[in-house]
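Subject: Structure handover

Hi,

Here is the structure I promised to pass on. Please open it and keep it beside this email as you read.

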Amino acid sequence: MNRPASDSDLEKKQHESCLRMVHNALTKNDVIEKIVGEIEALGCSIPENFFQCQQEPGAHKKHLGGFTVPGGGDEEYTPAIILFENNITDKDELEKTLQHELIHAYDRCKGKLEYKNCLHHACTEVRASNLSGECSWYQELLRGHLTLAGGKMECVKRRAALSVEANPYCKGASQAAVEKVFETAYKDISPLNENDIWQTK
């Protein structure tokens, strides 16, 4: 008789699955490989344990991942991409999350990204939502958003504003910040090209 799976069994399975999907994304997804290569070409080395699969704690689990930012204290800052293995359900979801967070890493490497500056934060969130594929018409259809004309731009604005609003320095200022940077940030597709973006749909 098989024993019921314990929480530790489930967490182990989720962790192994996440690590396997990350490895496959880094070695088989051309767009993700390109972004990593462009980060390194800018002179930013990818630190050990840069890609981390973790359980999101708490009762209300809702995040797929995140990019660590400096805390503002004297502690040494080590950038990392966190992927929440208990929330990610499949390969496509992981790869879009990974690509989103890699755009933040690229922006952080390319210039001084100050998260206390709401315009800086809005700019990188617009770019990440635009370049990750998370706002493709298919992804929006899955969310119940059926607008086709201009739907991607509205999705990018909506998701970027939600991320900026979660920044304690930008409470109540997220919408205005996104609107102010949107035109420039949306047009900036570096380090990708149109063909790369098409592949992420």
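How many bridges join β1 to strand β3, and do these strands run parallel or antiparallel? There are four bridges, and the two strands run parallel. Before going further, note that this is a predicted model.

**The sheet**

Strands of a sheet pair through backbone hydrogen bonds, either parallel or antiparallel. Here three strands form an open sheet. Their order is β1-β3-β2, and the pairing is mixed. The edges are β1 (51–54) and β2 (65–67), each of which pairs on one side only. Neighbouring strands are turned by 20 degrees against each other on average, direction ignored. Strand β3 itself covers residues 81–84.

Helix α3 (residues 91–110) packs on this sheet. The helix touches β1, β2 and β3. Its direction makes about 10 degrees with that of β2.

**Helix α3**

Look at how α3 begins. A side-chain oxygen of Asp 90 reaches to within 3.3 Å of the backbone nitrogen of Asp 92. Next, check the length of α3. At 1.5 Å a residue, its 20 residues should span 28 Å. The end C-alpha atoms are 28 Å apart, which agrees.

Why can we call α3 largely enclosed by the rest of the structure? Because 15 of its 20 residues are buried.

Asp 107 is a residue of α3. Is Asp 107 buried or exposed? Its relative accessible area is 12%, so Asp 107 is buried, because buried means under 20%. The side chain of Asp 107 makes a polar contact with the side chain of Arg 127, at 2.7 Å. Leaving out residues up to four places away in sequence, Asp 107 touches Leu 113, Thr 124 and Arg 127.

**Helix α4**

At the start of α4, a side-chain oxygen of Asn 117 reaches to within 2.9 Å of the backbone nitrogen of Leu 119. The helix has 14 residues and reaches 20 Å from its first C-alpha to its last. That is close to the 20 Å expected at 1.5 Å a residue.

Most of α4 is covered, with eleven of its 14 residues buried. What covers them? Cys 123 is partly exposed, at a relative accessible area of 27%. Just after α4, Gly 133 takes a positive phi of about 90 degrees.

**The disulfides**

A disulfide is a covalent bond between the sulfur atoms of two cysteines. How many disulfides are there? The count comes to four. With bonded cysteines counted along the chain, the pattern is 1-3, 2-4, 5-8, 6-7. Three of them are worth a visit.

- Cys 44 is joined to Cys 109, with S to S at 2.1 Å. The torsion about the S-S bond is about 100 degrees, so this disulfide is right-handed. Cys 44 sits in the loop between α2 (30–41) and β1, while Cys 109 sits in helix α3, 65 residues apart. Cys 44 is partly exposed at 25% relative accessibility. Cys 109 is buried at 17%.
- Cys 118 is joined to Cys 170, with S to S at 2.2 Å. Its torsion is about -110 degrees, so this disulfide is left-handed. Cys 118 lies in helix α4 (residues 118–131) and Cys 170 in the loop between α6 (151–165) and α7 (174–187), so the pair ties together parts that are 52 residues apart in sequence. Cys 118 is buried, with a relative accessible area of 15%. Cys 170 is buried at 0%.
- Cys 135 is joined to Cys 155, with S to S at 2.0 Å. A torsion of about -75 degrees makes this disulfide left-handed. Cys 135 is in the loop between α4 and α5 (137–142), and Cys 155 is in helix α6, 20 residues apart. Both cysteines are buried.

Best wishes

Note on methods: Residues are numbered from 1 along each chain as its sequence is written. This is a predicted model: local features need pLDDT of at least 70, side-chain atom pairs count only at pLDDT 80 or more; totals for chains, interfaces and linings use all residues. Side-chain values use heavy atoms; hydrogens and water are left out. Two strands pair if DSSP finds at least two bridges between them. Axes are lines fitted to C-alpha atoms, for helices over the stretch in contact, and angles run from 0 to 180 degrees between N-to-C directions. Contact means heavy atoms within 4.5 Å. Buried means under 20% relative accessible area, exposed over 50%, partly exposed in between (1.4 Å probe, protein chains only). A polar contact is a pair of N or O atoms within 3.5 Å; within protein, one must be able to donate a hydrogen and the other to accept it, and residues adjacent in sequence count only if both atoms are side-chain atoms. A disulfide is a pair of cysteine sulfur atoms within 2.5 Å. The expected span of a helix is 1.5 Å times one less than its number of residues.
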